[in-house]
There are 4 protein chains.
Amino acid sequence: MKSSPDIKSRKPFPDRPRGRPRSVEARRAILKAAHELLAEGGLSSATIEGIAARAAVGKPTIYRTWPNAHAVAMAALMESDEAGESVAEKQPAPKPNERSSSALTALRTQLHEVARVFSAPLGRSVTLIIAAAEADTELSKAFRNHFILARRNEGRALLAGAMSNGEIRRDLDIDVALDLIYAPVFYRLLMGHAPLTSRFIDDVLNVALQGLAR
Amino acid sequence: MKSSPDIKSRKPFPDRPRGRPRSVEARRAILKAAHELLAEGGLSSATIEGIAARAAVGKPTIYRTWPNAHAVAMAALMESDEAGESVAEKQPAPKPNERSSSALTALRTQLHEVARVFSAPLGRSVTLIIAAAEADTELSKAFRNHFILARRNEGRALLAGAMSNGEIRRDLDIDVALDLIYAPVFYRLLMGHAPLTSRFIDDVLNVALQGLAR
Amino acid sequence: MKSSPDIKSRKPFPDRPRGRPRSVEARRAILKAAHELLAEGGLSSATIEGIAARAAVGKPTIYRTWPNAHAVAMAALMESDEAGESVAEKQPAPKPNERSSSALTALRTQLHEVARVFSAPLGRSVTLIIAAAEADTELSKAFRNHFILARRNEGRALLAGAMSNGEIRRDLDIDVALDLIYAPVFYRLLMGHAPLTSRFIDDVLNVALQGLAR
Amino acid sequence: MKSSPDIKSRKPFPDRPRGRPRSVEARRAILKAAHELLAEGGLSSATIEGIAARAAVGKPTIYRTWPNAHAVAMAALMESDEAGESVAEKQPAPKPNERSSSALTALRTQLHEVARVFSAPLGRSVTLIIAAAEADTELSKAFRNHFILARRNEGRALLAGAMSNGEIRRDLDIDVALDLIYAPVFYRLLMGHAPLTSRFIDDVLNVALQGLAR
DNA sequence: GGATAATCGAGACGGTACGTCGCGTCTTCAT
DNA sequence: ATGAAGACGCGACGTACCGTCTCGATTATCC
């Protein structure tokens, strides 16, 4: 009921903003447009002007929420990822604790999956955005967390499982181990000095597991 | 026939370019200006307009040689690297075959050096350019060769030395091993999910040598 | 001296392209190219660059003879006019002294002819060049003489004839009379406020004559 | 009330342009700058780049309103003419119907004025622009109307007055008569074959009148 | 219910940089 | 020593986006 203003005005946090609320439709249209442009023409096609035009939205509506086109692209990629039609959709569940040696198998599967996803056009955009993002913005960190750390954490769990069932050494620094495993994929992706084949991924894992020394 | 064509056809440079040759001074000024701008403001400061202004050169003179600002930046970085005031200057010679265990030591030294160089502002520009370079242009390949493969080849020699003196296994695929070692450096540099410390580099090498498994 | 110029200069026909008498050919090619470009795209298409390309001639070769594209255009129009395929080709001879009243008839005929010629694309270029020519260059004057004064002189002769046979007043200032007659044609051509019809020319002459006649 | 759409649909300007209206200040600054440049260096000095710089305005702001520098020059000359500091400022009112013979006197005065105005630098720019204007653009026509037809219409009124008070013949085609009178001024201005003196104008009128008068 | 306020779309604003064209001058090679 | 070829510094062109700023209109909450 409207007639009890004292209660409403005294409410501690909800603090509804005055004025007209931002349009969810507009937001959705913007992110959809950005996602499409990223998919069609890559990072450089996702301009504010182009997004606004395709979303039938004013430019200030975009700037009200995001500081620049980069940020919109990040938001679009993260949102679409959550929505399911994904850059890096969840694989059918790793199940690390099935039986002996299954942790490493799962890790191998996940690594192939990561390579597949980030080789795709949208995946390339993701890595480029992360690489080019200079400042340690909140959004930058969130974006990195979403696409890089999330997979690292899956890997971390798998490695922990592999530790506990004796598949790998117990004295490992897991962060170092994770970088050792994931880095070659992105290295080849970004530097492009050699193709990122399925065979290469297997080889990397094998060599990493056995070690170079003898 | 106006003259004896056999003589003409025997000239050593059959299609020497006609007309006024391109000015070496202009080229030098352009690359110098580009290099300075890269060092001062990073990749985004190296615009054609800015380079032309600083080099006291017309824009068409730049476009006559390079197709875009990216290419000029590549040329500038490569040229300056050769000139000595380098993004990645040669270390005082590795000498891999001195004595036992020295190959791996040299590799470790080189890896630290690579990390140092590519952490610097100009080094970051180099990796960003490589990552963002879309097509497999000739210039792109040359640039990658210059900055990535050159160091890989040094590493390749060191690894071969380590193989021959028994420091590492002889059944290794050296390309895989090289990626395993160099990738984590660039991975941290480009993804920025964790700092690229000296300690980390040592750890990576150690773990890689020993292997994850036990 | 490498050769005996007296021999070369004494040869009757300049046929052989042995030495270097290319200059005449080049000149012809330049003027031809300029004329074609003028005819195809008007004054603004006749650029030095375009002329040089079409004539397969170096730009300095053009600048050696003419100071700018305007001058080349003038030369091309004058030359072609002399050559016969003319902007303002000679009509089959006026013959002002045939019989009584024929002087004015001839004047009328010539005026129609002038209007026809200067209405054509190349004629428009001629008037535009004259109008836009700022300085009183020698070439400018020559050009004006060729295209404007030549016709004025024809008209002057006709008017003098008309004077002597009593068709017009004897106390006229012929220069004023000539301007009175020719001006309306160019006025309509250049200002374009009304069409330049055959009827209009007759009307102008009639009205003008009402005062000139006696 | 805002919510009654019938009232809204009855609004007098149904398709008022949306978005931010164009800045009148910017427009004024642009036209002022163009006018100054025209006065200082003639037609060729009025470049888009120069105008934008002097007006402290972005180039796209100019292109949003005018298609090229020519059009800006036209607008500037017309606007300034209306503003008073004029290329062809209004003389103190002709008053054609005062007394006998005054219509022709007024015409003579106006013709001198026209010659004076179009001999001045800005006046030359005006005629050059009209002569060079290729297409029958709306702006071209408006420009011609403003500078040529306006004066013709003054002259038309004067001639009509001269007709009605018997100074000139009543069976004249006024348009032909007007061209006969104004054309010599512009003819000499544009062709430059002879100087445009005050004496010449009087002579032209006298000779022309010998026929017009009755 | 009326005022207030933040939103919406649209699009113009001052700018920066783009990549191109033509200018008039120069430099080099082959005749 | 001339001629073609073409690079040079320069200046202007017209376009694409940037991020900001009005506009009128819309949609909420608050008084």
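Which residues lie nearest the centre of the second largest pocket? Before I answer, please note that this is a predicted model, in which local features need pLDDT of at least 70 and side-chain atom pairs count only at pLDDT 80 or more, while totals for chains, interfaces and linings use all residues. Residues are numbered from 1 along each chain as its sequence is written, chains are lettered from A and ligands numbered from 1 in the order in which they are written, and side-chain values use heavy atoms, with hydrogens and water left out.

Nearest the centre are Ala132(A), Leu43(B), His70(B), Leu128(B) and Ala132(B), out of 34 lining residues, where a pocket is an open set of points on a 1 Å grid over the protein atoms alone that a 1.4 Å probe fits, with protein on both sides within 12 Å along at least five of seven lines, and a lining residue has an atom within 4 Å of a point. The lining comprises 19 nonpolar, 11 polar and 4 charged residues.

Turning to symmetry, chain A can be laid on chain B by a turn of 179° and a shift of 0.0 Å along the axis, with an RMSD of 0.3 Å, superposed by least squares on C-alpha atoms of residues with pLDDT of at least 70 in both. The two copies are thus related as by a two-fold rotation axis, and in chain A the C-alpha nearest that axis, at 1.7 Å, belongs to Gly211(A).

Note on methods:
Nonpolar A, V, L, I, M, F, W, Y, C, P; charged D, E, K, R; others polar.
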